[in-house]
Amino acid sequence: MPSESGQKTLIKAFFYGTLKRNEPNHDQLKNLNVTFLSEAITVEKYPLIIASDYNIPFLLNKKGYGKNINGELYLIDEEAKKFLDEFEGVHENLYTDMFIDVVDKKTNQVQRVCAYLLNNYKHDLLDENTILFENYSSINPYHKTYEKHNDMPENSNLVYTAVKEF
């Protein structure tokens with residue numbers, strides 16, 4: 001929605017997983033109005049895990065538990081935000097888009113940004129064997145490689161049942 005001055009509203013967003021540069025889904029951003037701003041790190045600690053049969057990164061909404069998460073800060077327009085909501089399954093209640101605080105590593109300033117976190121997750125996702133990450137990479141010795149070809153909308157119900165509490 002354009003502002004009264006006719007300019008489009010821009011939102012700052014934090015990407016911590018497969019949408020980051022050099023990760024498997026970064027190409028999803030190529031036709032969108034998104035601009036990389038800098039690397040960033042969360043002010044609060046959160047649990048970042050890899051879960052499901054497709055090895056998907058999930059940032060769990062459990063502030064204060066886990067690690068400070070490294071990611072990337074982007075400026076996105078409303079059209080990109082709508083695409084990302086669909087891509088992240090917001091309307092299917094998989095992820096929740098919420099505002100969190102991150103430190104912009106270029107300016108060292110705290111920014112309030114939109115991020116996609118998992119609410120109502122299965123509590124066994126955080127058992128004593130869970131590896132908590134501070135920086136996601138799709139190629140990692142601690143988990144299998146992300147399966148982009150299987151992480152598709154038609155499989156979203158399989159992902160949903162693997163990580164969500166009913």
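## Terms and overall layout

A residue is called exposed when its relative accessible area is over 50%, buried when that area is under 20%, and partly exposed in between. N108, with a relative accessible area of 60%, is therefore exposed.

The model is a predicted one. Its protein chain has 2 helices and 7 strands, and along the sequence these elements follow the pattern β-β-β-β-β-α-β-β-α. Of the 166 residues in the protein chain, 44% are buried. Among the contacts in the protein chain with a separation of 6 or more, 70% are between residues 24 or more positions apart.

## The hairpin of β3 and β4

Strand β3, which covers residues 48–51, pairs with β4 in the antiparallel sense, and the pairing runs over 4 bridges. Within this pairing, I50 stands opposite P57 of β4. The hairpin that the two strands form has 4 residues between the strands, and S52 takes a positive phi near 80 degrees there.

In a regular strand the side chains alternate between the two faces of the sheet. Strand β4, residues 56–59, is covered on both faces, with I56 and F58 buried on one side and P57 and L59 buried on the other.

## The nonpolar core

The largest nonpolar core has 43 residues, and the members that touch the most other members are F14, F58, I76 and I100. Two or more residues of this core come from each of β1 (10–15), β2 (34–46), β3, β4, β5 (67–77), α1 (78–87), β6 (96–104) and β7 (109–117). Strand β7 gives the most to this core, with 5 residues.

## Aromatic pairs and charges over rings

A pair of aromatic rings is described by the distance of the centres and the angle of the planes. The structure holds 5 aromatic pairs. One of them joins F14 and Y16, whose ring centres are 6.5 Å apart and whose planes meet at 35 degrees, so the pair counts as tilted. Both F14 and Y16 are buried. Another aromatic pair, formed by F36 and Y74, is edge-to-face, with 5.5 Å from centre to centre and 75 degrees between the planes. This pair links distant parts of the chain, since F36 lies in strand β2 and Y74 in strand β5, 38 residues apart.

Elsewhere, the charged end of K62 sits over the ring of Y65, at 4.7 Å from the ring centre.

## Two aspartates in strands

D77 lies in strand β5 and, at 4% relative accessibility, counts as buried. Not counting residues up to four places away in sequence, D77 touches K8, T9, L10 and N33. With N33 there is also a polar contact of 3.2 Å, which joins the side chains of N33 and D77.

D97 is found in strand β6 and is partly exposed, with a relative accessible area of 29%. When residues up to four places away in sequence are left out, D97 touches K81, D85, V90, C114, A115 and Y116. The side chains of D97 and K81 are joined by a polar contact of 2.4 Å. D97 and L118 are 21 residues apart in sequence, and their C-alpha atoms are 8.8 Å apart in space.

## Positive phi in two loops

Which phi does N93 have, positive or negative? N93 has a positive phi of about 65 degrees, although it is not a glycine. This residue lies in the loop between α1 and β6, and at 38% relative accessibility N93 counts as partly exposed.

N108, which is likewise not a glycine, has a positive phi of about 60 degrees. The loop between β6 and β7 is where N108 is found, and its relative accessible area of 60% makes N108 an exposed residue.

Key: Residues numbered from 1 in each chain as written. Heavy atoms only, no water. Buried < 20%, exposed > 50% of the residue type's maximum accessible area, 1.4 Å probe, protein only. Pairing = 2+ DSSP bridges. Core = buried A, V, L, I, M, F, W, Y, C linked by side-chain atoms within 4.5 Å. Contact = heavy atoms within 4.5 Å. Polar contact = N/O pair within 3.5 Å; in protein donor to acceptor, adjacent residues only side chain to side chain. Phe/Tyr/Trp six-rings, centres within 6.5 Å; stacked < 30°, edge-to-face > 60°. Lys NZ or Arg CZ within 6 Å of the ring centre and 35° of its normal.
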